[in-house]
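Hi,

Here is the structure I promised to pass on. Have a look at it first, and then read my notes below.

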Amino acid sequence: MSELHVFDHPLIQHKLSILRDKKTSVKEFRELIGEISMLMCYEATWDLPLEEIEIETPVAKAKVKRIAGKKLAVVPILRAGLGMVDGMVAMIPSCKVGHIGLYRDPETLEPVEYYCKLPTDIAERDVIVVDPMLATGGSAAAAVSFLKKHGCKNIKMMNIIGAPEGVETMQKLHPDVDIYVAALDDHLNDHGYIVPGLGDAGDRIFGTK
Ligand code: PRP
Ligand code: URA
C-alpha cells in the first residue's frame, strides 16, 4: 500500500489558507502555488540518496555530500499542474519536465487525454507528477498509468489538496505510488469539486473565470 504524506508545516498551512480564500487574486494565487510547490518539493525529497565527495574550500579539503546523480523528471498534468512547475524546477534545477494534457469531462468526470510530451529517457528517471487537485483521482491515475506504459517505475504524486476519494482510487490502482499533499480535505460535492477545496485550480491560476 502506498503512503499518504500530509505536509502540515506551518508555512505550507499558512500559504494554503490564503490560497483557499475566494478573495485571493490571480496574481497572488499563482505566487502561492509556486511557493507551496517549492516547500512541498523540499519535503517530498528527503529520500534522495546522497554521495560523499571531496572538494577544496578556500581553507581546507573537505568531505561533502551531494545528491547522488539521481535522474529526476517533473511531470505536470495540464493545465493546472503547470502552476507548480517553476517551484519544482527552482528546487531541482537539473530535472527534466514532461507534460501530460488531461481534462475532466464535466459530465462523466472521466479524464480525457489531449497532449503528451515526455523526455526520451523518462523510463530511467524518478518521476514526480504534479497537479494541485486530487479529486476523484481519475486524472492522477490516468497520468500514472501513462507513465508506467512508458516504462517509469519510481513515481510520486504531489497534489496541494487531496480528497479521500482520490487517495482511495490512487491507492487501489497504483499502490506503489506515494502521495504527497498539503491537505486532505473532507469530501467531493455533486460536481466532483473538493470540499472545502479552493475551487477550480486551473481557472484560478490562469484567470479563465
Ligand atoms: C483539474 C485538476 C486535476 C483534475 C482533478 O483539472 O487540475 O487535473 O481536475 O480531478 P480528478 O481527480 O477528479 O480527475 P481539470 O480537469 O479541471 O482541467 P484543467 O487543469 O485544464 O482546468
Ligand atoms: N479540479 C479542480 O480544479 N478543483 C476541484 O475541486 C476538483 C477538481
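A search of the whole structure turns up 13 salt bridges, and bear in mind that this is a predicted model. If the term is new to you, side chains of opposite charge can pair when their charged atoms come close.

Let's begin with glutamate 35, which forms a salt bridge with lysine 15; their closest N and O atoms are 2.8 Å apart. Glutamate 35 belongs to helix 2 (residues 26–44) and lysine 15 to helix 1, so this pair ties together parts that are 20 residues apart in sequence. Are the two partners buried or exposed? Glutamate 35 is partly exposed, at a relative accessible area of 30%. Lysine 15 has a relative accessible area of 19%, and because buried means under 20%, it counts as buried.

While you are looking there, find leucine 11, which also lies in helix 1 (residues 10–20). Leucine 11 is partly exposed, with a relative accessible area of 46%. Going from C-alpha to C-alpha, leucine 11 and glutamate 35 are 9.6 Å apart in space, and 24 residues apart in sequence.

Next, have a look at aspartate 121 and lysine 71. Their side chains meet in a salt bridge, at 3.7 Å from N to O. This pair links distant parts of the chain, 50 residues apart: aspartate 121 sits in the loop between strand 7 (111–117) and strand 8 (126–130), and lysine 71 in the loop between strand 3 and strand 4 (72–78). Aspartate 121 counts as buried, at 13% relative accessibility, whereas lysine 71 is partly exposed, at 37%. Both residues also belong to a network of salt bridges that links Lys71, Lys96, Asp121, Glu124 and Arg125.

Then there is arginine 79, which forms a salt bridge with aspartate 203; here the closest N and O atoms are 3.2 Å apart. How many residues lie between the parts that this pair ties together, counted as their separation in sequence? They are 124 residues apart, because arginine 79 is in the loop between strand 4 and helix 3 and aspartate 203 is in helix 6 (residues 201–206). Arginine 79 is partly exposed, with a relative accessible area of 34%. Aspartate 203 is buried, and its relative accessible area is 11%.

Arginine 79 also brings us to ligand 1. One of its polar side-chain atoms lies 2.9 Å from an oxygen atom of ligand 1. Aspartate 131 has an N or O atom in its side chain that is 2.4 Å from an oxygen atom of the ligand. With glycine 137, the backbone is involved: a backbone N or O atom lies 2.8 Å from an oxygen atom of ligand 1. On its own, ligand 1 has 500 Å² of accessible area, and the protein covers 90% of it. There are 15 residues around this ligand, and those that come nearest are Arg104, Asp131, Thr136, Gly137 and Ser139.

Arg104 turns up again around ligand 2, along with Met133, Ala135, Gly192, Tyr193, Ile194, Gly199, Asp200 and Ala201. At glycine 199, a polar backbone atom is 2.8 Å from a nitrogen atom of ligand 2. Taken alone, ligand 2 exposes 230 Å², of which the protein buries 88%.

Now for a pair of strands. Strand 2 (residues 50–56) and strand 3 (residues 61–67) pair in the antiparallel sense, over 7 bridges. The two are joined by a hairpin through 4 residues. You can check this at glutamate 56, whose bridge partner in strand 3 is lysine 61. As you trace the strands, remember that in a regular strand the side chains alternate between the two faces of the sheet.

Last stop, the surface. Met38, Tyr42, Trp46 and Met91 make a nonpolar surface patch of about 450 Å². Methionine 91 is found in helix 3 (residues 82–91) and is partly exposed, with a relative accessible area of 40%.

Technical notes:
Residues numbered from 1 in each chain as written. Chains lettered and ligands numbered in written order. Predicted model: local features only at pLDDT ≥ 70, side-chain atom pairs only at ≥ 80, totals over all residues. Heavy atoms only, no water. Patch = residues over 30% accessible without salt bridge, like charges linked within 9 Å, V, L, I, M, F, W, Y side chains within 5 Å. Areas by Shrake-Rupley, 256 points an atom, 1.4 Å probe, with all protein chains shown as cover. Salt bridge = Lys/Arg side-chain N within 4 Å of Asp/Glu carboxyl O. Buried < 20%, exposed > 50% of the residue type's maximum accessible area, 1.4 Å probe, protein only. Pairing = 2+ DSSP bridges. Near = heavy atom within 4 Å. Polar contact = N/O pair within 3.5 Å; in protein donor to acceptor, adjacent residues only side chain to side chain.
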